[in-house]
Amino acid sequence: MTTVETPLPSSRRVIPYPSALEWNVGMGRFGWRVDVIGRQAELDALSGLFDPDVSGVLAVRIEGEPGVGKSTLWREGVTAALTRSYEILACAPTQAEAKLSFAALADLLEPVLGAVSPELPAPQRRALDVALLRVDADEPADERAVSFAFLSALRIVACSAPVLLAIDDTQWLDGPSARVVEFALRRLDNEHVRALTSRHTGTATLDLERDLGPERVRRISLAPLSLAALHQLLARTGVWLPRRTLLRIQDATAGNVFYAQEIARVLASRDEPPAPSEPLPVPATLNELVARRVSALSADDQGALLAASALVRPTPALISAVDPKWPPGVLDGAQRAGLIEVDGDWVGFGHPLIASAVYRNALASTRRGLHRRLSEVVTDPEERARHMALGADGPDETVAAALDVAAVAAHTRGAPAAAAELSELARDSTPSGLAEQIRRRTMDAAEHHFVAGDRARARLLLDRVLPDCPSGPEAARALRLLGQVRYHDDSFPEAARLLRLALAEAATDDATRAAIDCDLAFVVLGDEGPEAAAAHARSALAAAERVVDTGLLAETLAAVTMADFLCGRGLDDEWLARALDLEDPGRRTPVHARPSLIHGMLMAWVGRPEPARVSLEALRARLIDHGEESGLPFLAFTYAFACCWRGELDRATWIAEEGMQAATTVGTDLARALGLTAKAVADAYHGHADAAVAAAGEAVELFTRTGRSIQACWPLTVLGFLYLSVDDAPAADRVLRPLTGSLAASGLAEPTAAPFLPDAVEALVALGELDLAEKLLATLQQRLDVLDRPWAMATGGRCRALVLAARGDLDGALSAIDGALRAHERLPHPVELGRTLLVHGQLLRRANRRRHAHETIEQALVIFERTGAKLWAARSRAELTRLGLRRTAGQGLTPREEEVARRAATGATNTEIAAAMYISPKTVEANLARVYRKLGIRSRAELGWHMAERSDRTDPSVNS
């Protein structure tokens with residue numbers, strides 16, 4: 001690693017941020033910047049951003065159409081922060097910067113980097129230096145480390161002064177910088193940091209509500225100026241206009257500040273004010289407006305202005321270097337015309353629309369020549385390569401090679417989408433005779449698109465290049481990539497076919513064979529069963545052990561562990577822990593093959609919810625932080641079930657919604673099916689029956705369409721659970737019987753891999769088919785003498801009790817239910833515990849132990865109300881009504897009140913409770929107030945005593 005002697009690009013901040021009055025004096029009477037007229041309500045909202053009595057992070061987002069005055073109001077906010085001694089970290093990205101990796105991050109950190117860099121941990125400092133091109137590096141920068149470095153920098157700065165993070169025009173924010181900013185905002189807590197952003201209406205960069213919570217974000221939507229405000233604006237230019245003329249201006253400009261001020265400029269330049277009947281000089285388009293002003297400049301001034309519009313970070317020195325013949329002060333004319341602003345080493349356009357218009361109005365040949373000259377003076381590899389491509393008259397291998405270098409740099413900096421675009425530009429710039437280079441660059445682009453989540457584009461490129469690939473490594477690479485795309489998009493069988501072809505082309509390349517066999521282990525699981533998957537996984541592991549790649553070894557270890565588990569050979573905790581320890585978080589691996597996902601899934605299946613939560617939440621954070629939202633539907637599919645089993649139904653709903661949003665972005669059948677399944681299970685547990693039926697039904701259809709029959713069992717399992725929740729055994733049997741019929745053929749020998757079995761048994765008992773119910777019960781409980789599965793023991797004991805009771809053996813049924821309750825002591829699945837307690841209460845009622853039955857069913861009801869399982873709560877209330885006994889006092893809490901009270905009784909703060917339940921602290925306070933009132937208590941100490949007493953009443957060991 002060597003130090004690069006290129007300084008950081010200069011900041012694009014508008015410095016020194018003068019006050020409104022000073023700005024008008026500095027810019028002149030007809031400067032592009034206008035006073036904030038007609039925006040008092042918006043200014044009041046801005047002032048609230050800096051309320052010193054509010055702790056933590058607050059944000060204001062300004063929205064509006066181009067030219068409506070967003071940047072002006074944004075600057076007012078920055079000025080207000082300066083007057084309050086805030087440290088300003090600001091950037092105003094342009095359209096040219098949108099595709100350059102970490103361009104905005106460099107601007108944000110420029111004022112403080114020298115001071116905070118020595119205080120950063122070494123890994124964070126190195127990652128930041130690589131991302132900002134301060135050092136050369138052979139390995140990619142971990143975007144997570146870059147994100148942590150930015151977070152650390154914010155915290156360091158906030159220790160000495162309040163911080164304003166100000167970003168104008170976030171629609172031009174480059175992707176890597178946006179993800180780093182979002183990462184930091186999500187993790188800030190009590191630091192005095194404020195965020196101020198602006199964006200065009202309809203754009204969605206930076207989801208502040210998701211990152212901070214809606215209660216901490218204020219949105220200011222700028223409407224066009226009113227007629228009165230337009231009058232004030234034009235009056236400031238010294239122009240008086242009759243009302244009808246003002247109405248014409250308002251109609252022509254739709255109240256747009258930018259256009260209205262330009263009309264005022266033209267009118268004010270005349271010797272006499274216009275007559276009331278005189279046509280106004282309203283340009284038809286912005287291009288015409290700008291062209292008129294540019295045409296008044298000298299040829300050199302026009303050339304320098306065009307160069308400024310094409311550069312990412314224009315500076316006077318850089319512009320002067322474009323053409324040595326330009327005289328000193330070549331920018332003065334454009335500045336006098338109000339088109340640009342020059343402040344020391346910074347050059348900026350008065351409005352982003354001006355830069356766009358200047359560039360569009362130039363001849364294509366003029367632009368190409370300019371880009372060729374710019375490629376010789378800029379130093380950023382990405383920007384240089386783009387200028388070379390835009391300046392080329394045709395394919396050029398030199399240009400293509402430079403674009404290759406830029407793509408590698410973008411990948412190294414953690415920006416796969418930018419790398420994909422650069423690789424495609426490299427391919428398009430390659431002369432037609434260089435077929436091998438064209439194929440390689442096409443596959444590079446496809447791989448980058450796949451990592452970035454644009455699988456449709458990846459598939460299109462691979463379909464084009466595959467017929468031309470010669471046998472061997474090239475064909476193996478293309479076939480494997482296409483197989484991965486088809487696996488994620490629409491077809492397991494086609495994915496398996498492509499991967500087998502790739503395996504044949506890989507010959508003796510162990511690394512490639514290991515990766516392909518690992519892919520096949522997941523693909524063949526549905527059609528050929530777990531033994532076939534285990535065979536591929538073990539072949540992958542053997543090959544991985546012959547190469548030096550710990551990340552690949554971790555993935556093959558996890559695949560073998562999962563396949564052996566499904567085959568009924570038990571869970572190898574040692575291998576799973578080793579896979580998790582060796583996992584490379586920065587490795588570009590499909591989410592379903594990541595050791596952390598497999599670990600979380602298996603931990604949830606065997607009844608260890610806390611390790612499952614830790615792994616799945618860490619993986620979720622990595623996916624979001626690295627911009628891999630395409631993996632969120634698969635994660636949500638697993639995570640939502642785990643949350644429901646833990647009784648965290650609100651969190652399950654939140655995770656499912658996130659998965660559905662990501663699935664909509666990804667746009668594939670598989671992503672939607674996964675997201676819908678997550679939604680279905682959350683809705684079913686909550687008791688939203690119609691929504692759950694609709695989501696599960698569509699998920700089954702999509703899984704079937706893509707050849708994923710093994711995954712279709714999960715939404716069908718949800719439907720069976722839902723129908724039993726409303727005591728509709730015939731409907732439950734209709735959806736679950738086909739699953740039980742195909743179980744033997746599936747090869748699954750692990751009882752927890754067939755989550756539908758207990759519900760299938762319960763439905764059959766209700767229908768009187770006891771022999772078939774006992775046969776399924778034996779399948780559920782097989783090998784429990786070898787496999788320690790609390791879930792199968794608990795649900796199997798409940799099912800055994802139902803069968804025995806149906807055959808008239810009530811004593812045997814009560815003995816079986818006691819065994820089930822003992823198994824539940826090792827199984828933190830509250831809803832399943834509630835169901836077992838409900839059955840226990842029903843059996844006690846049949847044994848004429850009515851008081852004990854009432855207490856037991858009441859315990860079940862408390863669990864269902866606390867978790868939010870509304871349908872099961874309704875069944876419990878119906879059973880209590882049949883008993884005819886009154887409920888004990890103090891049970892009138894709603895499920896949310898119960899949960900808030902339970903957490904508060906453990907000593908959690910309101911903020912901690914709010915974060916855990918995904919509600920606001922104010923909502924926590926309101927719920928606690930109601931709890932105190934209902935329970936007749938006044939303090940948390942009393943609450944702790946009361947909740948402990950309630951816990952005793954719901955503990956089976958206390959009431960048995």
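Colleague: Which strands form the hairpin with 2 residues between them?

Modeller: In this predicted model, strands S6 and S7 form that hairpin, and Gly344 in the turn has a positive phi of about 65°. Helices (H or I, at least four residues) and strands (E, at least two) are DSSP runs, numbered from the N terminus.

Colleague: How many bridges join S6 to S7, and which way do they run?

Modeller: There are 4 bridges between S6 (residues 340-343) and S7 (residues 346-349), and the two strands run antiparallel; strands pair if DSSP finds at least two bridges between them. Val342 stands opposite Val347 in S7.

Colleague: What conventions sit behind the numbering and the cut-offs?

Modeller: Residues are numbered from 1 along each chain as its sequence is written. Local features need pLDDT of at least 70 and side-chain atom pairs count only at pLDDT 80 or more, while totals for chains, interfaces and linings use all residues, and side-chain values use heavy atoms, with hydrogens and water left out.

Colleague: Changing topic, which residues touch the most other members of the largest nonpolar core?

Modeller: Trp605 and Leu843 do, in a core of 175 residues, where a nonpolar core is a set of buried Ala, Val, Leu, Ile, Met, Phe, Trp, Tyr and Cys residues joined through side-chain atoms within 4.5 Å. Buried means under 20% relative accessible area, exposed over 50%, and partly exposed in between, with a 1.4 Å probe and protein chains only. Helix H33 (residues 632-646) gives the largest share of this core, 12 residues.

Colleague: And what does Leu843 touch?

Modeller: Not counting residues up to four places away in sequence, Leu843 touches Ala801, Ala805, Leu810, Ala813, Leu814 and Ile817, a contact being heavy atoms within 4.5 Å. Apart from that core lies another, of 44 residues, among them Ala149 and Leu188.

Colleague: How many aromatic pairs does the structure hold?

Modeller: It holds 13; rings of Phe, Tyr and Trp (its six-membered ring) pair if their centres lie within 6.5 Å, with planes under 30 degrees apart counted as stacked, over 60 as edge-to-face and the rest as tilted. Phe637 and Phe703 form an edge-to-face pair, 6.4 Å centre to centre with 70° between the planes, and this pair links distant parts of the chain, since Phe637 is in helix H33 and Phe703 in helix H36 (residues 689-705), 66 residues apart.

Colleague: What kind of pair do Phe641 and Trp645 form?

Modeller: Theirs is tilted, 5.9 Å centre to centre with 55° between the planes. Phe641 and Trp645 are separated by about one helical turn because they are 4 residues apart in helix H33. Ring pairs also link both of them into a cluster whose members include Phe565, Trp605 and Trp714.

Colleague: How much of helix H40 is buried?

Modeller: Helix H40 (residues 757-767) is mostly covered, with 9 of its 11 residues buried, including Asp759 and Glu762. Just after H40, Gly768 takes a positive phi of about 85°.

Colleague: Where is Pro214 found, and is it buried or exposed?

Modeller: Pro214 is in the loop between helix H9 (208-212) and strand S5 (217-221), and it is exposed, with a relative accessible area of 57%. Pro214 and Ala59 lie 155 residues apart in sequence and 9.7 Å apart in space, C-alpha to C-alpha.
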